[in-house]
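Please read the following report alongside the sequence and the model.

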Amino acid sequence: MASVRGRGEKTDLGLKYSLAAMDGMSHAAFRSICFEYGAQDATTEMVSAISYARARRKRQPILDAQLMRRPEETHLAAQIIGCEPEVMAAAARKLEAIHRFDVVEINMGCPARMVVGGGSGSAILRNPQLAGEILRAVCDATHLPVRLKLRLGWDEAHITAPEIAAMAQDAGCSALILHGRTRSQMYRGSVLLEEMKRVRAAVTIPLYANGAVVSAADAAPFGEAVGAQGVCIGRAALKAPWIFDDIRRLERGEAPVQRDAAERMDVLLRLGARMCDQKPERLAMCEIRKFCTWYLTGLTGAEEVCKQLHRVEQLDGLRRTLEGYLDGLIAKNDVQLHPELLPEVTLDTVDDAARRCGCSVLL
């Protein structure tokens, strides 16, 4: 068991598998499903440091309610994003004070135009001095372990991650989560494995590799190739939250389980109910549509059922539609996926499936 400067995160023997933070997607309802399938760690959606740190007293309970943590979540980090050291530090102090999180995570990886346009996320990778100031300010502000989520750099001509990773270690960060692409790559193309290894060589604190897992079989080889202590999984978990269970089965020498229609619909119903705990029912039913597409694609008649689900506005309607669909599949003895109905498996098929049903995903 290794720790850093007396307050670091601990790693078990073998690789640790975590759910990566995804803007608009890694809410408590979805995170809790992943924990039930064996995820060992997860991160909240991005918290705007300036909004949280400077919230008025009447607004604060509303923001705290949005940072829900469910009982299933055994290890959870709160992720803050911003570009002002003192504001990031203030947000970290307030997050510690609500006694809900195990880790504070600093986001220097988000590539979204709206985020980098304001100087936050991966824009900070262009300014290592500012990165160091933020890291020191946050580490000094909280007793919670602090970890850094970052990309390799702004582009391939400006790889700053090794330098910033070393700063993070010196400031007192407990761990790094490294997405193996530059900001200019966004989420396209392959991770830059050799550059990831350079970052690994620059520090001794735990490093978790992110960005290259398409299926359960990819996870362990990716982590081992980087020399990482763990692997963070994002888009692949959106399509298949049971990927964490599949990974462990592979490690035990077992074959992954085929998730049939009954299991997939049970996950959708549990997810829908938990989403309704967090937000108005109608909004929750709108947001679950993309999950219906991901989990039902490959079953007979899924496209037509997804069209019906797009008109559902209440949890009872979701339940009735799915139960009727499952009863029909059982009557036909047709509850397994049909490989010929599945799209080619790549990270991008998550985004493509959402677009086909008129949904969008910001990752």
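## Met-68 and its surroundings

Leaving aside neighbours within four places in sequence, Met-68 is in contact (heavy atoms within 4.5 Å) with Ala-28, Arg-31, Glu-73, Arg-100, Asp-277 and Gln-278. The model is a predicted one, in which local features need pLDDT of at least 70 and side-chain atom pairs count only at pLDDT 80 or more, while totals for chains, interfaces and linings use all residues. Residues are numbered from 1 along each chain as its sequence is written, and side-chain values use heavy atoms, with hydrogens and water left out.

Met-68 is placed in the loop between helix H3 (60–66) and strand E4 (76–81), where helices (H or I, at least four residues) and strands (E, at least two) are DSSP runs numbered from the N terminus. With 23% relative accessibility, Met-68 counts as partly exposed; buried means under 20% relative accessible area, exposed over 50%, and partly exposed in between, for a 1.4 Å probe and protein chains only.

In helix H8 (residues 193–202), the buried residues are Met-196, Val-199 and Arg-200. They lie on the same side of H8 because they cover an arc of only 100 degrees around the axis, the arc being that of the directions from the helix axis to the C-beta atoms.

These buried residues pack against helix H7 (161–171), strand E9 (175–179), strand E10 (207–210) and helix H9 (216–226), whereas the face of H8 turned away from the buried side carries the exposed residues Glu-194 and Ala-201.

## Helices H12 and H14

The axes of helix H12 (residues 261–278) and helix H14 (residues 289–296) come within 10 Å and cross at roughly 165 degrees; axes are lines fitted to C-alpha atoms, for helices over the stretch in contact, and angles run from 0 to 180 degrees between N-to-C directions. That crossing angle makes H12 roughly antiparallel to H14, a term that applies to angles over 145 degrees. The contact is made by Arg-264, Met-265, Val-267, Leu-268 and Leu-271 of H12 and by Phe-291, Cys-292, Trp-294, Tyr-295 and Leu-296 of H14.

## Positive phi angles

Met-186, in the loop between E9 and H8, has a phi near 55 degrees, a positive value in a residue other than glycine. Asn-333, likewise not a glycine, has a positive phi of about 55 degrees, and is exposed at 70% relative accessibility.

Technical notes
Parallel < 35°, antiparallel > 145°, perpendicular 65-115°, else oblique.
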